[in-house]
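Hi everyone, thanks for coming. Please have a look at the sequence and the structure on the screen, and then I'll walk you through a few places in it.

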Amino acid sequence: FYVCALSFTLERMAFYSSKWLMGVFIVAAAATGGLGLEPADGAKMTANLVAFTYLTPILGGFIADKWVSPRICVPIGTALMGLGYMCGWQASVQSSSTFVWLMIILVSIGTGLFKGNVSGINGRLFENKEDLDSAFSIQYSFVNIGSFIGTMVVSFIAYSTIGFGGTFLICAGLLFLDTIWFIIGGNASFGEVGKKPFKVEEGNTLNRSSKVNEAPLTKKEKLRVGAIVLITIFSIVFWVVWYLTYMPVLYHWGPDFDTANKANWIIGNFTVPSSWFDSLNALSCIVLGPVLAAVWSKRAKSPKGDLSMFKKTALGMLLLGASFALMALAEVVRGDGQANLMWIIMVGILMSVGEMVFSPLGNSFISKFSPAKLLGLMMGVWPFAIFIAGKAYGYLYEFVSKFSFAPAYAAVGLVVIVCGIVLWGLDNRLSKLVEE
């Protein structure tokens, strides 16, 4: 288990480091080692990196299901990601956007072979399936620890020592180390798990249930599929706006370009790196996760019971919308001066809590209510929705940037809040669609 979990930590350290680094590198002046492109270009290129790393795991999982051993797919994936980050190094050396696109392609393919298959191996290591919830909760913590360490450390490396190219090389080194770690650790501890494609390991289980799978969908099952599709549409709205949050922090308020006068990132003699906004998100997930779990547990034991899954989703959207209202308010309050760093911290905490309330819905909701014969297809719907959101937020940023900051971001927040209110109001009807 810890071989897989630490493998995720190393991969996430590199991914979140390079995601932030790309956003700065693409827009930074050529004289400082960047490409000197427009913020909209930086937003759209980083959006492609995010988007395709959610799409390719569907293909990578299909390959590991039917044809290639997952224990071969994973190290091939980490090695490809390492080569991708080396392309980032070359992009810096040669001031070439072509190498940035090569990095996006290689990292996306590598993530596809890596991401779902590590979790697939991990899930098969436990004979007692009751242990899976806690196991994957711990794995999620390792993911956030990787994100937190990566973005906390990389900013110092990038600016104070070896620059953009050297930092991309460190990201590559983390993935090559991950490749070695997974091969050696897996051979020592996985036993027979993952040696064959997942469907081969499962044997004839699917064949035994083929008659059930051939039966037509019942009316209730069709209603449940409809509810999943509707919630997926709301999820696209949530994620496209959630990813958008990073763009004004980096390009409008961030200390990395000529926008430093719009926010005060200085504490004493120290300038807080913009990458720490990413770190704040990871830290919020690590620290506040158990707090939220306790809140839901306490509510479940109360006479009124816990909030429904739909109300939790709506609450997540309301919190995200509030973070955009806060951004607009910060811009109004600062006037011609500087926004206090506390505004940015409050935005980061609000969006993170919104994510923590909203994000667990996907796999849990689909696993619970999807018809068994469509489970694989429905499980693919959720990451595909995030792919659409990841692909879209760069273009949304480009569009919103054409307008005055405060009213534009207030309008985006209002749209999300209205979606949250509508979803909250639909709770009873949606619950009747999915519950027995």
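Let me begin with a question: does Gly-36 count as buried, partly exposed or exposed, and what is its relative accessibility? Before I answer, a word on where the values come from. This is a predicted model, in which local features need pLDDT of at least 70 and side-chain atom pairs count only at pLDDT 80 or more, while totals for chains, interfaces and linings use all residues. Residues are numbered from 1 along each chain as its sequence is written, and side-chain values use heavy atoms, with hydrogens and water left out.

Now the answer: Gly-36 counts as partly exposed because its relative accessibility is 43%. Here buried means under 20% relative accessible area, exposed means over 50%, and partly exposed is in between, with a 1.4 Å probe and protein chains only. You'll find Gly-36 in the loop between α1 and α2. Helices are DSSP runs of H or I with at least four residues, numbered from the N terminus. Gly-36 touches Ile-26, Val-27, Ala-28, Ala-29 and Ala-30, leaving out residues up to four places away in sequence; contact means heavy atoms within 4.5 Å. Gly-36 and Phe-25 are eleven residues apart in sequence, and their C-alpha atoms are 8.1 Å apart in space.

Let's go inside. The largest nonpolar core has 106 residues, and those with the most contacts inside it include Met-22, Val-100, Trp-253 and Trp-239. By nonpolar core I mean a set of buried Ala, Val, Leu, Ile, Met, Phe, Trp, Tyr and Cys residues joined through side-chain atoms within 4.5 Å. Which helix gives the most to this core? That is helix α1, residues 2–27, with 14 residues. There is also a second, separate core of eight residues, among them Leu-292 and Met-356.

Staying with helix α1, Ser-17 is found there. Ser-17 counts as buried because its relative accessibility is 4%. Beyond its neighbours within four places in sequence, Ser-17 is in contact with Arg-12, Gly-150, Thr-151, Val-154 and Cys-171.

Back to Trp-239 for a moment. Its contacts, not counting residues up to four places away in sequence, include Glu-355, Phe-358 and Trp-382. Trp-239 also belongs to a cluster linked by ring pairs, together with Phe-238, Trp-242, Tyr-243, Tyr-246, Phe-277, Phe-358 and Tyr-393.

How many aromatic pairs does the structure hold? The count is 28. Rings of Phe, Tyr and Trp (its six-membered ring) pair if their centres lie within 6.5 Å; planes under 30 degrees apart count as stacked, over 60 as edge-to-face and the rest as tilted. Phe-182 and Phe-190 make an edge-to-face pair, 5.4 Å centre to centre with 65° between the planes. Both Phe-182 and Phe-190 are buried.

Most residues other than glycine have a negative phi. Ser-95 is not a glycine, yet it has a positive phi of about 50°. Ser-95 sits in the loop between α3 (70–94) and α4 (97–124), and it counts as partly exposed because its relative accessibility is 46%.

My last stop is Ala-325, in helix α13, residues 309–334. At 38% relative accessibility, Ala-325 counts as partly exposed. Ala-325 and Phe-277 are 48 residues apart along the chain, with 18 Å between their C-alpha atoms.

Definitions and conventions: Helices (H or I, at least four residues) and strands (E, at least two) are DSSP runs, numbered from the N terminus.
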